[in-house]
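Here is a short briefing on one strand, its neighbours and the pockets. Please keep the structure in view while reading.

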Amino acid sequence: MSHDFALSYLTVPGLTPPEQTYIAADAGYDYVSYRLFHLGVAGEPDIDPASPQVIRETKAALAATGMKVFDIELFRILRTLDPKSFLPAFEAGAELGAKQAICSAWTDVRNDRSFIVERFAEICELARPFGITVNLEFPAFSRLSSLEECLEILDRTRAPNQGLLVDTLYMHFNKAPLFALERVPSEWINFLHICDAGDVMYTKDDMIHIARDARLYPGEGAIDFSAINYLFPNLPLSIELPHAARMAELGPLEHARRCVDAAQSLFNGRETPARTATLG
């Protein structure tokens, strides 16, 4: 049992890919996960992350640190967004070594499964020549909000390079145990997003706030992670753990470091004595 860990963009939002690479290396991660397709939301760095200059600087950072790229994000299914606009990010991601991408659906009606299947299939087909698998996620406040809804889309799409991305936070919001993943075809699970959260009832606004700004270090909250080592003892785990107050207090390096220290202790049984004493 040994998990590798990736530093997700949202754990240290606002950093450029080169900056994120150096933070991931200094904090002790195995992989780094980039946002190469911007959402146009506040806080994203004012750059084109797929531009030749940024890719050159990112490759230099990867070479200098020995860090590897795991996945790229975020490729949303929207009626107003042409999937062909993802091509530069897929090309850049492949050049950097990414093999996985994250996709989620944000349409605004409930009877559009056929549209989602069609768009997801198109995104998979666009990513396929780059050797990238597209993993469909179900944020609890998005169009696909549960494991069952996501599995239905995957069952209907059946793309050769499709996968499922499970975030422990969204399983927790849905009151679904992680052991429910036992019935998912193993070839669809390439990695997990991990973080912790408290055991309280959530409104939609609460869920959005926690997901974007107040996730907890693994082991701090109420999520039962035991299924992960039982079902996926060697699966790579990507730490997506935005926490606005801790980022402001600690800075990105120390926050990222505490995230991976907590994960190493919980999932790999590896203590980091010099730093775990400061957790909390």
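Ile72 has Ala101 in β4 as its bridge partner. The model is predicted. Strand β3 (residues 68-77) runs parallel to β4, and 5 bridges join them.

**Pairing and crossovers**
- On pairing with strand β5 (residues 133-137), β4 again runs parallel, over 4 bridges.
- Here Gln100 stands opposite Thr133 in β5.
- From β4 the chain passes through helix α4 (residues 113-127) to β5, a right-handed β-α-β crossover.
- A right-handed β-α-β unit is also formed by β3, helix α3 (residues 87-96) and β4.

**Largest pocket**
- The largest pocket holds about 640 Å³ of space.
- It is lined by 30 residues, with Leu10, Arg35, Leu39, Val41 and Arg212 closest to its centre.
- β3 and β4 each supply at least two lining residues, as do α7 (204-213) and α9 (244-268).
- The lining has 16 nonpolar, 5 polar and 9 charged residues.

**Second largest pocket**
- About 190 Å³ of space lies in the second largest pocket.
- Its lining has 13 residues; His172, Ala176, Pro177, Leu178 and Asp224 are the closest to the centre.
- Both α6 (168-173) and α8 (226-231) give two or more residues to this lining.
- α6 gives the most, with 3 residues.
- This lining divides into 8 nonpolar, 3 polar and 2 charged residues.

Note on methods:
Residues numbered from 1 in each chain as written. Predicted model: local features only at pLDDT ≥ 70, side-chain atom pairs only at ≥ 80, totals over all residues. Heavy atoms only, no water. Pairing = 2+ DSSP bridges. Right-handed = clockwise from strand over helix to strand, strands pointing away. 1 Å grid on protein atoms, 1.4 Å probe; cavity = no way out; pocket = protein on both sides within 12 Å on 5 of 7 lines; lining within 4 Å. Points joined across faces, edges and corners; volume = space filled by probe spheres on them. Nonpolar A, V, L, I, M, F, W, Y, C, P; charged D, E, K, R; others polar.
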